[in-house]
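Visitor: I have this one open on my screen. Walk me through it, please.

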Amino acid sequence: MNTVFSIGSGYSSTGSVLELIGLLILFVLLLTVCYYVTRFVAGKQMVQKKASNFAILDTLKISQNKYLQIVQTGKKYIVIAVCKDTVSVLTELKEEELLYIKDLTSESADFKEILLKTFKKNSSSDGMDSYDPHIQTKENRK
């Protein structure tokens, strides 16, 4: 039983390159399909959400599995307690009693705006003034 291995027997380099290119094309195609399916499903859910009579306006986490929520049902505002296994109605609120009502028709803020506001808050909380080249100091007079 004498086995001889010859060099070069196996996969050819061109076959491997073609197989790699085929897998890359398949991968890109799969990513594209996933992208469009995700957009389609998200669009369907947004239509259902806009057409709903229910909206959660505010949530307060009390403990790991316990929440208080203000829910809008039509024109009523209800405070509910959500626990691991139960949901209990606590009280009904009038619109005047609410301190903050989310505007459900407003568009979401742009990511760039949120990022800029975050940086502005961080720079003002550091106590450091931003550099202004128009202010004359000893360092920038030279």
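Guide: A term to begin with: helices here are DSSP runs of H or I with at least four residues, strands are runs of E with at least two, and both are numbered from the N terminus. Also keep in mind that this is a predicted model.

Visitor: Fine. Where does Glu95 sit, then?

Guide: Glu95 is in the loop between strand 4 (87–93) and helix 2 (111–125).

Visitor: Is Glu95 buried, exposed or partly exposed?

Guide: Glu95 counts as partly exposed, because its relative accessibility is 46% and that class lies between the 20% and 50% cut-offs.

Visitor: Back up a bit. How many helices and strands does the protein have?

Guide: There are three helices and four strands. In sequence order the pattern reads α-β-β-β-β-α-α.

Visitor: How do strand 1 and strand 2 run, parallel or antiparallel?

Guide: Antiparallel: strand 1 (residues 54–63) is joined to strand 2 (residues 66–73) by eight bridges. One of the pairings puts Asp58 with Ile70 of strand 2. The two strands make a hairpin, with two residues between them.

Visitor: And what about strand 2 and strand 3?

Guide: Strand 3 covers residues 76–82 and pairs with strand 2 over seven bridges, again in the antiparallel sense. Leu68 has Ala81 of strand 3 opposite. This pair is a hairpin as well, with two residues between the strands, and Gly74 in the turn has a positive phi of about 70°.

Visitor: Ile70 came up. What else does Ile70 touch?

Guide: Leaving out residues up to four places away in sequence, Ile70 touches Ala55, Ile56, Leu57, Asp58, Ile78, Val79, Leu93 and Leu98. Ile70 also belongs to the largest nonpolar core, which has five residues; the others are Leu57, Tyr77, Val79 and Leu98.

Visitor: Why would nonpolar side chains be found together?

Guide: In soluble globular proteins, nonpolar side chains tend to be buried together.

Visitor: What percentage of the residues here is buried?

Guide: Buried residues are 9% of the 142 in the protein. The exposed surface comes to about 13,600 Å², and carbon and sulfur atoms supply 61% of it. As for contacts with a separation of 6 or more, residues 24 or more positions apart account for 8%.

Visitor: New topic, cysteines. How many disulfides?

Guide: The count is zero. Cys34 is partly exposed at 42% relative accessibility, and Cys83 is partly exposed at 30%.

Visitor: How many aromatic pairs?

Guide: One aromatic pair. Tyr35 and Tyr36 form it, edge-to-face, at 5.1 Å centre to centre with 75° between the planes.

Visitor: Which class do those two fall in, buried, partly exposed or exposed?

Guide: Tyr35 has a relative accessible area of 45%, so it is partly exposed. Tyr36 has 53% and is therefore exposed, the cut-off for that class being over 50%.

Terms used
Residues numbered from 1 in each chain as written. Predicted model: local features only at pLDDT ≥ 70, side-chain atom pairs only at ≥ 80, totals over all residues. Heavy atoms only, no water. Buried < 20%, exposed > 50% of the residue type's maximum accessible area, 1.4 Å probe, protein only. Contact = heavy atoms within 4.5 Å. Areas by Shrake-Rupley, 256 points an atom, 1.4 Å probe, with all protein chains shown as cover. Disulfide = S-S within 2.5 Å. Core = buried A, V, L, I, M, F, W, Y, C linked by side-chain atoms within 4.5 Å. Phe/Tyr/Trp six-rings, centres within 6.5 Å; stacked < 30°, edge-to-face > 60°. Pairing = 2+ DSSP bridges.
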